[in-house]
Amino acid sequence: MSPVSVAIDGPAGAGKSTVAKLVAERLKFLYIDTGAMYRAVAYLCVKENVDCSDTSAVDKLVKEHEFRFEEGRDLGLLVYVDDQDVSAYLRSPDVSERVSLVAALPEVRSRLTQWQRAFAKTHSVVMDGRDIGTVVLPDATVKVFLTANVEERARRRQQEYHERGFDVSLGEIIESMTQRDKLDSERELAPLTSAPDAVHIDSTGKAIDVVVDEIMRLVERAHVR
Ligand code: CDP
Ligand code: CDP
């Protein structure tokens, strides 16, 4: 049987990675967090002091370093740069602030898109990101566009930052999230947008399990279980 794919796209903090991980766990599919791949490139730029919008400098950096992605124990993606596990550094405010800049660069996108497609060729996957249903896997078995209102998305992110030891005000998070969503939606290449055949789910005020159940029903309806 050929591999099955569940594509989950949407703006920051909509709950994509949380629900994608749980759906993957239930289906015993591989969970691929494509945002972590873009974050790895942004992390490297921060570490090496490279301007994230400087196309040639970022391309050079990506070519000179070795990236490796592995399934982690809690089903999250483990990200290695030059054999060093950098997974713990990818969600810092510093990286979040810059990631949309590297994600707009054509070379970076084409390289990461190839890696993502390679995973889906050999494994059944639940993949989350911004362009999975539109560009990376246009023939995905199930496509979901997950949203929530910006206040709720920002509150969720604030709680996550707090748990990681970063205290950031709600206003600052709303501002940087809105800015990132704007950059992601307005870029020329693979912008954040719903595929025409994606099912829209608004997770505002919804418990995680309720969203997971909705997606599981879509998978069941597609007759892949
Ligand atoms: O978790 P959160 O929604 O905050 O972000 P993420 O999924 O980790 O993605 C971080 C950033 O990577 C996004 O804001 C996009 O700029 C970029 N990204 C992308 O362009 N395409 C994807 N398929 C996934 C992420
Ligand atoms: O991947 P994305 O940026 O879309 O969001 P996430 O990192 O999965 O979710 C952000 C936070 O919202 C997580 O801490 C989840 O536990 C929480 N969440 C929630 O409270 N209710 C939901 N229906 C989904 C996520």
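Biologist: In which helix is E152 found?

Modeller: E152 is found in helix α7, which covers residues 150-163. The structure is a predicted model, in which local features need pLDDT of at least 70, side-chain atom pairs count only at pLDDT 80 or more, and totals for chains, interfaces and linings use all residues. Residues are numbered from 1 along each chain as its sequence is written, chains are lettered from A and ligands numbered from 1 in the order in which they are written, and side-chain values use heavy atoms, with hydrogens and water left out.

Biologist: What makes a stretch of the chain a helix or a strand?

Modeller: Both are DSSP runs, numbered from the N terminus: a helix is H or I over at least four residues, and a strand is E over at least two.

Biologist: Why is E152 called buried?

Modeller: The relative accessible area of E152 is 15%. Buried means under 20%, exposed over 50% and partly exposed in between, with a 1.4 Å probe and protein chains only. E152 is therefore buried.

Biologist: What makes the pair E152 and R156 a polar contact?

Modeller: Their side chains are joined at 2.8 Å. A polar contact is a pair of N or O atoms within 3.5 Å; within protein, one must be able to donate a hydrogen and the other to accept it, and residues adjacent in sequence count only if both atoms are side-chain atoms. The pair E152 and R156 is therefore a polar contact.

Biologist: Which residues does E152 touch, not counting residues up to four places away in sequence?

Modeller: E152 touches S203, T204 and G205; contact means heavy atoms within 4.5 Å.

Biologist: How do you know that strand β7 pairs with β8?

Modeller: Two strands pair if DSSP finds at least two bridges between them. Strand β7 (residues 142-147) is joined to β8 by 4 bridges, so the two strands pair, and they run parallel. L146 stands opposite I201 in β8.

Biologist: In what order do the strands of this sheet stand?

Modeller: The open sheet has 5 strands in the order β2-β6-β1-β7-β8, with parallel pairing. Its edge strands, β2 (30-33) and β8 (199-202), each pair on one side only. From one strand to the next, the twist averages 20 degrees.

Biologist: Which helix packs on the sheet and touches β1, β2, β6 and β7?

Modeller: That is helix α1 (residues 16-27), whose direction makes about 175 degrees with that of β6. Helix α5 also packs on the sheet, touching β2 and β6, at about 160 degrees to β6. Axes are lines fitted to C-alpha atoms, for helices over the stretch in contact, and angles run from 0 to 180 degrees between N-to-C directions.

Biologist: What makes both faces of β2 covered?

Modeller: L30 and I32 on one side and Y31 and D33 on the other are all buried. Strand β2 is joined to β6 by 4 bridges, and the bridge partner of I32 in β6 is M127.

Biologist: Why is α3 called roughly parallel to α5?

Modeller: The axes of α3 (residues 55-64) and α5 (residues 106-122) come within 9 Å and cross at roughly 30 degrees. Angles under 35 degrees count as roughly parallel, over 145 as roughly antiparallel, 65 to 115 as roughly perpendicular and the rest as oblique. The angle therefore makes α3 roughly parallel to α5. V58, D59, V62 and K63 of α3 meet E107, V108 and R111 of α5 in the contact.

Biologist: How many residues of the contact of α3 with α5 are nonpolar, polar and charged?

Modeller: There are 3 nonpolar, no polar and 4 charged. Ala, Val, Leu, Ile, Met, Phe, Trp, Tyr, Cys and Pro count as nonpolar, Asp, Glu, Lys and Arg as charged, and the others, Gly among them, as polar.

Biologist: Where does D83 lie, and why is D83 called exposed?

Modeller: D83 lies in the loop between β4 and β5. Its relative accessible area of 55% makes D83 exposed. D83 also has a positive phi of about 70 degrees although it is not a glycine. Most residues other than glycine have a negative phi.

Biologist: What is the phi of A190, and is A190 buried or exposed?

Modeller: A190 has a positive phi of about 45 degrees without being a glycine. A190 is found in the loop between α8 and β8, and its relative accessible area of 13% makes A190 buried.
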